[in-house]
Amino acid sequence: GAVAFLDRAPGLKVALGPGRSLAADTGLRVGASSPASFSLAHNVASRSEVDAVMAQAERAGARVVKPAQEAFWGGYAGYFQ
């Protein structure tokens, strides 16, 4: 689905898109109280930083939903909750 990006402040963007698209990318189900209903992104400058953020989140108790990997849109991303 389409995503709209809104510039809110220097370095801060809001992205709005259909929950079904996020669910498809994460592998999570869409439901009344699904974690796919809301997502926060943390953008970093390199793949190694993505890997470091993912590892730090996992050490802190997060569950990795989708390990960091090449994204269909050309980036490198992973998901945790």
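Predicted model: local features only at pLDDT ≥ 70, side-chain atom pairs only at ≥ 80, totals over all residues.
What does β1 pair with? Its partner is strand β2, residues 12-16; the two run antiparallel and are joined by 5 bridges. If you want one spot to look at, find F5, which stands opposite A15 in β2. Together β1 and β2 make a hairpin with 2 residues between the strands. In that hairpin, G11 takes a positive phi near 85°.

Now zoom out to the whole protein. You'll count 2 helices and 4 strands. Starting at the N terminus, they come in the order β-β-α-α-β-β.

Here are some overall numbers for the chain:

| Feature of the protein | Value |
|---|---|
| Box filled by the C-alpha atoms, along the principal axes | roughly 30 × 30 × 20 Å |
| Distance between the mean positions of the positive and negative charges | 9 Å |

The charges behind the distance are 8 positive and 6 negative ones.

How much of the protein is buried? Buried residues make up 20% of its 81 residues. And what about contacts between residues that sit apart in the sequence? Taking contacts between residues at least 6 apart, 22% join residues at least 24 apart.

Conventions:
Residues numbered from 1 in each chain as written. Heavy atoms only, no water. Buried < 20%, exposed > 50% of the residue type's maximum accessible area, 1.4 Å probe, protein only. Contact = heavy atoms within 4.5 Å. Lys, Arg positive; Asp, Glu negative; His and termini not counted. Charge placed at Lys NZ, Arg CZ, Asp CG, Glu CD. Pairing = 2+ DSSP bridges.
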